[in-house]
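Here are my notes on this one, as numbered points.

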Amino acid sequence: MEGPLQTIVHVCHENGQWMSRLPEKLWDIPLYNLALPGSHDTMTYCLDKSSAVSVNESKLVKFLNKCLPCIVRPIIMKWSVTQVLTVTEQLEAGVRYLDFRIAHKASDPSMNLYFVHMVYTTVTVQDILWEILRWLETHPQEVVIIACRNFDGLTKRLHNHLVACIKEIFQCKLCPRNVVPTLRTMWRLGHQVIVSYEEETELGKHCELWPPIPYWWGNKTSTRALIRYLEHMKRMGRPGEFFVAGINLTENLRYILVHPFGSLKKMTLQSLPCLKIWIKQQYPGPKKKCVNIIAGDFIGNNDFVKDVIELNTKINTPLHCQSELEQIAFNSQFLNL
């Protein structure tokens, strides 16, 4: 328990079918012009406390973990876990963008692939893909976007193996990248999965893979600084198709040292009231300052998913983004927090 910061993590099962319940006027709008809730570092709920530290971590972290594991390992876990709901629970809660950081353990002679965030997960990528398929089969009108990223330690052979698994498991549910992904079109064709793949060589060989989805990562420890960054990115203009606005804060060594009893969860929960205000001010759509996917940490808290889904009700009026008056009102609220 984390004292006054602890909030109730709940799964709102009403959100499990939210796409199928959208009004018909939204069925012909590309998914990259709707508001979609996502989870940042989706698989950190099952990090393995006893696993080796990722090969991509700094030499200092690996040295300290080796010399002082009883001290360093709990700190790593406190600042690595970003989700507590399982992938099925996240989907049932309404999340439709999954952020998969995929890796192969350096000392593992097998073809097993895992997820990673400083340390590796207890479950394999293949097991989770099958879990997603089982959920999709009971939710035939829901669409999930899977972003495959990082690929620590993956060789060409392992990339081939991963793509083969993706194609074998999802088969005709995979939406090719030449399809304009509206709900009506995907329902008609039986597509339910969009896989973006952060490896250019594989993209050229497989029409079922979509290009990397840009992620607006603020790399900020302060909520105010994060919102300033997101507003700056909006002024620069949204990408033409899928993109993610990440509302996740990011710790650094100085922040951890100043907050010896802190954790990423405490850091996140403190930021949620302010970020909730920011989310409610957004508009989905194709225009310059509109949003698409909004991804966060600990998505079971503070109605985050519901707030993102409800942004789609704004599309019932003529598509527009924030008016000058609304922006002034938001800035006033934000500065008074």
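1. Helices (H or I, at least four residues) and strands (E, at least two) are DSSP runs, numbered from the N terminus. With that in hand, look at strand E1 (residues 36–39), which pairs with strand E10 (residues 293–296) in the parallel sense over 4 bridges.

2. Some housekeeping. This is a predicted model, in which local features need pLDDT of at least 70 and side-chain atom pairs count only at pLDDT 80 or more, while totals for chains, interfaces and linings use all residues. Residues are numbered from 1 along each chain as its sequence is written, and side-chain values use heavy atoms, with hydrogens and water left out.

3. The overall picture: the chain has 12 helices and 10 strands. Of its 337 residues, 56% count as buried (under 20% relative accessible area; exposed is over 50%, partly exposed in between, with a 1.4 Å probe and protein chains only). The chain exposes about 15,300 Å², and carbon and sulfur atoms supply 58% of that (areas come from the Shrake-Rupley method with a 1.4 Å probe; for residues, only the protein chains shown count as cover). Among contacts (heavy atoms within 4.5 Å) with a separation of 6 or more, 77% are between residues 24 or more positions apart.

4. Back to E1. Which way do its residues point? Leu 36 and Gly 38 go one way, Pro 37 and Ser 39 the other, and all are buried. On the E10 side, Pro 37 has Ile 294 as its bridge partner. E1 also runs parallel to strand E2 (residues 97–103), joined to it by 2 bridges; there, Ser 39 is partnered with Leu 98.

5. Now the interior. A nonpolar core here is a set of buried Ala, Val, Leu, Ile, Met, Phe, Trp, Tyr and Cys residues joined through side-chain atoms within 4.5 Å. The largest one has 92 residues, and the members touching the most others are Leu 31, Phe 100, Ile 102, Ile 132, Ile 146, Phe 170 and Phe 242. Helix H4 (residues 125–137) gives the most to this core, with 7 residues. A second, separate core has 7 residues, including Val 53, Val 72, Ile 76 and Val 119. As background, nonpolar side chains tend to be buried together in soluble globular proteins.

6. Phe 242 deserves a click. Leaving aside neighbours within four places in sequence, its contacts include Leu 31, Leu 36, Pro 181, Trp 210 and Ile 293.

7. Helix H4 itself: its 13 residues should span 18 Å at 1.5 Å a residue, and its end C-alpha atoms are 19 Å apart, which agrees (the expected span is 1.5 Å times one less than the number of residues). Its buried residues include Val 125, Ile 128, Ile 132 and Trp 135, and Glu 131 is one of them too.

8. Where does H10 bend? Helix H10 (residues 264–280) has a kink of about 45° at Leu 272, shortly before the proline Pro 273; the bend is the angle between axes fitted to the seven residues ending there and the seven starting there. End to end, H10 reaches 23 Å from its first C-alpha to its last, close to the 24 Å expected for 17 residues. H10 is mostly covered, with 12 of its 17 residues buried, among them Lys 265, Cys 274 and Trp 278.

9. Two backbone spots to check. Met 118 isn't a glycine, yet its phi is positive, near 75°. Met 118 sits in the loop between strand E3 (114–117) and strand E4 (119–124) and is buried at 16% relative accessible area. Asn 219, also not a glycine, has a positive phi of about 55°. Asn 219 is in the loop between strand E8 (215–216) and helix H8 (223–236), and counts as partly exposed at 44%.

10. Last stop: Val 163, in helix H5 (residues 156–170). Buried or exposed? Val 163 is buried, with a relative accessible area of 0%. Not counting residues up to four places away in sequence, Val 163 touches Tyr 197, Glu 202, His 206 and Leu 209.

Definitions and conventions. Pairing = 2+ DSSP bridges.
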